Amino acid sequence: MSIKLMVVDDSKFVYNEMEFFLEGTEFELVRYCKSGEEAIEAYKELKPDLITMDIILPRMDGFECAKEILSLNPNAKIIFISSLAYDDTIEEAKEMGCNDFLFKPIEQDSLLEVLTKASQKADGGEEA
């Protein structure tokens with residue numbers, strides 16, 4: 001059974017890169033959203049297992065979008081992927097309940113590691 005992943009990023013390049021990195025893995029890209037508003041509606045419809053979220057998005061930033069999704073489901077698994085690599089940005093993501101933070105440019109090994117870790121939490125805990 002595949003793990004459903006929704007990508008929220010206004011860069012089609014990031015989506016294409018992730019699609020390439022995840023080919024042949026247990027992760028299935030079920031939706032690509034270019035805005036926070038689109039992501040919230042897609043989340044309600046699809047209820048993906050994992051979400052990757054950029055911080056810089058049109059109209060509604062990734063933090064606002066993540067807060068809205070977490071208000072719908074406090075157990076939503078959100079991983080921020082951004083080039084905004086500041087300590088306060090990472091701390092804000094953690095404080096709001098997001099699972100992890102990756103820096104752009106994305107590296108395949110790091111992406112798979114973070115997604116696997118988050119999906120194990122989604123399944124009820126870390127594997128031994």
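How many nonpolar, polar and charged residues are there in the lining of the largest cavity? The close-up views below will get to that, and to a few other spots in this predicted model.

**View 1. The lining of the largest cavity.** By class, this lining has 4 nonpolar, 1 polar and 2 charged residues. To find them in the structure, look for I90, A93, K94, C98, N99, D100 and F101, which line the largest cavity. Two elements, helix 4 (87–95) and strand 5 (100–103), each give two or more residues to this lining. Helix 4 provides the largest share, with 3 residues.

**View 2. The empty space itself.** Rolling a probe the size of a water molecule over the atoms shows where empty space is left. Here, the structure holds 1 cavity of 30 Å³ or more. The volume of the largest cavity is about 30 Å³.

**View 3. Helix 2 beside helix 3.** Follow helix 2 (residues 36–46) and helix 3 (residues 62–72): their axes come within 9 Å and cross at roughly 20°. Because of that angle, helix 2 is roughly parallel to helix 3. The crossing of these two helices is right-handed.

**View 4. Where helix 2 and helix 3 meet.** On the helix 2 side, the residues to look for are G36, A39, I40, Y43 and K44, and they meet C65, E68, I69 and L72 in helix 3. Sorted by class, the residues of this contact divide into 6 nonpolar, 1 polar and 2 charged.

**View 5. A cis peptide bond at P105.** Now find the loop between strand 5 and helix 5 (108–122), where P105 has its place. The peptide bond that runs from K104 to P105 is cis, and its omega is near 0°.

**View 6. A positive phi at K47.** Although K47 is not a glycine, its phi is positive, at about 45°.

Notes:
Residues are numbered from 1 along each chain as its sequence is written. This is a predicted model: local features need pLDDT of at least 70, side-chain atom pairs count only at pLDDT 80 or more; totals for chains, interfaces and linings use all residues. Side-chain values use heavy atoms; hydrogens and water are left out. Axes are lines fitted to C-alpha atoms, for helices over the stretch in contact, and angles run from 0 to 180 degrees between N-to-C directions. Helices (H or I, at least four residues) and strands (E, at least two) are DSSP runs, numbered from the N terminus. Angles under 35 degrees count as roughly parallel, over 145 as roughly antiparallel, 65 to 115 as roughly perpendicular and the rest as oblique. A crossing is left-handed if the near helix is turned anticlockwise from the far one by less than a right angle, and right-handed if clockwise. Contact means heavy atoms within 4.5 Å. Ala, Val, Leu, Ile, Met, Phe, Trp, Tyr, Cys and Pro count as nonpolar, Asp, Glu, Lys and Arg as charged, and the others, Gly among them, as polar. On a 1 Å grid over the protein atoms alone, a cavity is a set of points where a 1.4 Å probe fits but cannot get out, and a pocket is an open set with protein on both sides within 12 Å along at least five of seven lines; lining residues have an atom within 4 Å of a point. Grid points are joined across faces, edges and corners, and a volume is the space filled by probe spheres set on the points.
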